[in-house]
Amino acid sequence: MSDATAPGAGLDPETIRRMPYQKPQPSEILPDLVVPNAIPEDERIWVPQAENVWFRPLCLNRSSGYWMNLLRVRKSGILSRHRHPNPVHAFVLKGSWRYLEHDWVATEGSYAFEPPGETHTLVVDEDVEEMITLFQVNGCMYYVDPWGNNVGFEDVFTKIDMCRKHYKEVGLGEDYVDRFIR
């Protein structure tokens, strides 16, 4: 193939820079997942997790075993003590929270990395009216007592089940959650 017949021959560099990828995507690729209005106006999208605690699914990845969600809390107090066998990423969108085991506070705009194996107790302080944090949880969360004894767990499958049940109850249909599953 000569230079004159090569793809892009005769096009200026700026045109090439702005040109989308010209080949087909892999045939088995999953569809993109774009969630408009990640902080929803429709309250029914928030799935209750505990009293005054909800989550909003963004991506429930059953093939890789992780989930991404917004956690919303509208109360102060201790939410849960848990351990992660895999890393967790968090970005605080509104309010603040902390762990009893650390001296830092995750405030609005903060990013937190939680290393595998860490056990901590999530607290929202009394001066916080509402906390919303984006979490990516890989694997599962083991709920434990102060001595590390397992008292429950959550994984992507229990999250999917919670969503199906809630969305059916509020009239969105249990298949509403399917849009977030990959």
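This is a predicted model: local features need pLDDT of at least 70, side-chain atom pairs count only at pLDDT 80 or more; totals for chains, interfaces and linings use all residues.
**Salt bridges**

Side chains of opposite charge can pair when their charged atoms come close.

| Salt bridge | N to O distance |
|---|---|
| Glu14 and Arg17 | 2.9 Å |
| Lys94 and Glu130 | 2.6 Å |
| Glu169 and Lys165 | 2.7 Å |

Glu14 and Arg17 are three residues apart in helix α1, and the two are therefore separated by about one helical turn. Glu14 is partly exposed, with a relative accessibility of 33%, whereas Arg17, at 58%, is exposed. The pair also belongs to a network of salt bridges that links Glu14, Arg17 and Arg18.

Glu169 and Lys165 both belong to helix α2, which covers residues 156-169, and they lie four residues apart, about one turn of the helix. Both Glu169 and Lys165 are exposed.

The salt bridge between Lys94 and Glu130 spans two separate elements: Lys94 lies in strand β5 while Glu130 is in the loop between β9 and β10, so the pair ties together parts that are 36 residues apart in sequence. Lys94 is partly exposed at 37% relative accessibility, but Glu130 is buried, because its relative accessible area of 12% falls under the 20% cut-off.

**Strand β9 and its partners**

Is strand β9 largely enclosed or largely open? Five of the six residues in β9, which runs over residues 119-124, are buried, and the strand is therefore largely enclosed by the rest of the structure. Strand β4, residues 77-83, pairs with β9 in the antiparallel sense over six bridges, and in this pairing Arg83 stands opposite Thr119. Strand β6, residues 96-99, is also paired with β9 in the antiparallel sense, over two bridges, with Arg98 standing opposite Val123 of β9.

Thr133 lies in strand β10, residues 131-138, and at 0% relative accessibility it is buried. Its side chain makes a polar contact of 2.9 Å with the side chain of Trp97. When neighbours within four places in sequence are left aside, the residues in contact with Thr133 are Asn69, Leu70, Leu71, Ala90, Phe91, Val92, Leu93 and Trp97.

Asn69, which is among these contacts of Thr133, has its place in strand β3, residues 66-73. Asn69 is also buried, at 4% relative accessibility, and its side chain makes a polar contact of 3.2 Å with the side chain of Trp67. Leaving aside neighbours within four places in sequence, Asn69 is in contact with Phe55, Arg56, Pro57, Leu58, Thr133, Leu134, Phe135 and Lys159. Asn69 and Lys23, by contrast, are 33 Å apart in space from C-alpha to C-alpha, with a separation of 46 residues in sequence.

Which residues make the nonpolar surface patch? Ile39, Phe91, Leu93, Tyr111 and Phe113 make this patch, and its area is about 480 Å². Phe113, which is found in strand β8, is partly exposed, with a relative accessible area of 44%. Two members of the patch, Phe91 and Leu93, are also among the residues in contact with Thr133.

**Two asparagines with positive phi**

Most residues other than glycine have a negative phi. Asn37 has a positive phi, near 50°, and has its place in the loop between α1 (13-18) and β1 (47-50). Asn37 is exposed, with a relative accessible area of 55%. Asn52 also has a positive phi, near 65°, and is placed in the loop between β1 and β2 (53-61). At a relative accessible area of 29%, Asn52 is partly exposed.

Terms used. Residues are numbered from 1 along each chain as its sequence is written. Side-chain values use heavy atoms; hydrogens and water are left out. Buried means under 20% relative accessible area, exposed over 50%, partly exposed in between (1.4 Å probe, protein chains only). Two strands pair if DSSP finds at least two bridges between them. Patches are made of residues with over 30% relative accessible area and no salt bridge: like charges are joined within 9 Å, nonpolar side chains (Val, Leu, Ile, Met, Phe, Trp, Tyr) within 5 Å. Accessible areas come from the Shrake-Rupley method with a 1.4 Å probe; for residues, only the protein chains shown count as cover. A salt bridge is a side-chain nitrogen of Lys or Arg within 4 Å of a carboxyl oxygen of Asp or Glu. A polar contact is a pair of N or O atoms within 3.5 Å; within protein, one must be able to donate a hydrogen and the other to accept it, and residues adjacent in sequence count only if both atoms are side-chain atoms. Contact means heavy atoms within 4.5 Å.
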